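This report goes through selected local features of one protein model. Please keep the sequence and the coordinates at hand while reading.

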Amino acid sequence: MQSKIAHAAERKAFSVVLDKIIASASGEDREKNIDHLIDMAEKLLKDTSPGAIRGLRKGLRPGSKWEKFLFSVIDETDPHVLKTAILNGGYEAAFRGLRNTTANADKYQCNVPWIILFDPTSACNKHCVGCWAADYGNRLNLTYDEMDSLVSQAEDLGTHLFMLTGGEPLVRKEDVLKLAEKHNTSLFNIFTNASLVDDAFCERVQKLGNIVFSVSLESYEPSVNDGRRGDGSFQEVMDAFDRMHKYGLLYGTSTCYTRANTERVSSDEFFKLLIEKGCRYAWYFHYMPVGEGANADLMPTVEQREYMFNRIRWVRSVGDEGYPIFAMDFQNDGEFVGGCIAGGRVYCHVNARGDVEPCVFIHYSNANFKESGNWLECLHQPIFQAYRAHYPWNDNLLEPCPMLENSGLLTQIVDEADAKCTEYVTPESAADVCARTKPYAEAWAPKAEELWLNMYPDGKKHYEDAMSQEKISVKAKVIAEEDAQNEAVVD
Ligand code: SF4
């Protein structure tokens, strides 16, 4: 593990280089300075996403859509926000965080996530059709001290990227701001309905610089969006986008695609609206039939999932087609993160009751942070160790999920770990959930195989770097050697 002195020196060095790069990419002849920017990104992403660098070099051609995207991010984002987001999200989380969590995973023999999702509250100020949150109200909350303790302990293990979900996290606006202010080397991504984003809040976020937003949006048509989310919700989101843009903040959208809306939420009209409103990214989440009101009939059809697979890759392509927005599909993009990221391998979720769950969609656990107070102890819980023992369960990373596409595996993991259901409203067994997803898994399997073999004829994902396929122990050894060399330079 890197010492505090070496870490501070390295962060400072990144900060200085970043200042120069942002300045040169803002001035005249900035096209010529793009190469420096890519060189820096290469250093930051070499462990997490080496393939992205090849994409960056190809995508950032003079006059390309991605070059225009980059320049608009630089021109329209507040300089402090931009620098802090890159330093905390790029350097601390993606680069240093990945190295430290890998070293600690080997040291403590458990998964150590480099992203943590947590719910400050179960409360929400909206009453969306089909959502339990408003009815559940503010009965469940992580106190400020609990969130502070979670983030502090996680940072000590190397985690510097936190995503706040809920409920509506901004119901706890003051605590969220206090947390971001204290933990100023971490990046906080808030998943929000945006209705509580006002000028005063934006001004404070601008000063902090380490908060970005993923805003829920379900249509480019106000009536469709408001049909589920309530009258006036669409306009509230548009107003919030304008406000966040005025203060130079970074934001995108979060959208669940279902059998009822897949084409609409990935339409040209939808992307054009997001780009016009200054969104930089668009998260897509495949509908998961879990929890209160779960409805297997809302899962996308095989044709719709294939459409999303092709559509999202087309939207963010490095060629001239597509749109200048970074679109991501949590389910179909599994191949870029080695498949399922849950159980602390890359991320995990803490709900507002303190239950530490493998994934925001997997509601089983043996550990509660409120009761334990010890994050490392929570990471050692049996269900995380079962995930660790079973991973990887599939060569085809278009079938990443132990619940959705590998129906039955979740039951095995939950049974082995003797994990308890953490559903707030209606507890259900993993076997019942898997029974619901089984027909989907069987229908998707042949198409997943066809798509996968088209990309990887021998059925295996091939990584460009030497590290991705190595065991944690090998990666940790390489990281320790590199850090020792860097320490010697600092001395
Ligand atoms: S458990 Fe399923 S939804 Fe969650 S990260 Fe793994 S593959 Fe994705």
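## Basis of the values

The model is predicted; local features need pLDDT of at least 70, side-chain atom pairs count only at pLDDT 80 or more, and totals for chains, interfaces and linings use all residues. Residues are numbered from 1 along each chain as its sequence is written, and side-chain values use heavy atoms, with hydrogens and water left out.

Helices (H or I, at least four residues) and strands (E, at least two) are DSSP runs, numbered from the N terminus.

## Helices α14 and α19

Helix α14 spans residues 302-315 and helix α19 spans residues 430-455. Their axes come within 9 Å and cross at roughly 35°. Axes here are lines fitted to C-alpha atoms, for helices over the stretch in contact, with angles running from 0 to 180 degrees between N-to-C directions.

On the α14 side, the contact (heavy atoms within 4.5 Å) is made by V302, R305, E306, F309 and R313. They meet Y440, A443, W444, K447, L451 and M455 of α19. By class, this contact has seven nonpolar, no polar and four charged residues. Ala, Val, Leu, Ile, Met, Phe, Trp, Tyr, Cys and Pro count as nonpolar, Asp, Glu, Lys and Arg as charged, and the others, Gly among them, as polar.

Not counting residues up to four places away in sequence, C434 touches S407, G408, L410 and T411.

L410 and T411 are among the buried residues of helix α18 (residues 409-417), together with L409, I413, V414 and A417. The cover over the buried residues of α18 includes β10 (364-365), α17 (382-390) and α19. D418 follows α18 and has a positive phi, near 55°.

## Ligand shell

The ligand is surrounded by 13 residues, where a residue counts as near if one of its heavy atoms lies within 4 Å. The closest are M288, C340, C359, I362 and C401. By class, the shell divides into 13 nonpolar, no polar and no charged residues.

## Aromatic pairs

A search of the whole structure finds 22 aromatic pairs. Rings of Phe, Tyr and Trp (its six-membered ring) pair if their centres lie within 6.5 Å; planes under 30 degrees apart count as stacked, over 60 as edge-to-face and the rest as tilted. The F191 and W283 rings have centres 6.2 Å apart and planes at 45°, so this pair is tilted. Because F191 lies in strand β3 (residues 187-192) and W283 in strand β6 (residues 281-286), the pair ties together parts that are 92 residues apart in sequence. F191 is buried at 13% relative accessibility, and W283 is buried at 15%.

The rings of F270 and F271 have centres 6.4 Å apart and planes at 75°, so the pair is edge-to-face. F270 is buried with a relative accessible area of 0%, and F271 is buried at 0% as well. One aromatic cluster is formed by F191, W283, F285, F330, Y347 and F361.

## Backbone geometry

A cis peptide bond joins G166 and G167, with omega about 15°. G167 is found in the loop between β2 (161-164) and α8 (173-182). The peptide bond from Y391 to P392 is also cis, with omega near -5°, and P392 sits in the loop between α17 and α18.

Q109 is not a glycine but has a positive phi of about 55°. Q109 lies in the loop between α5 (79-108) and β1 (115-118) and is partly exposed, with a relative accessible area of 46%. A194, another residue other than glycine, has a positive phi near 70°. The loop between β3 and α9 (199-208) holds A194, and this residue counts as buried at 2% relative accessibility.

Definitions and conventions: Buried means under 20% relative accessible area, exposed over 50%, partly exposed in between (1.4 Å probe, protein chains only).
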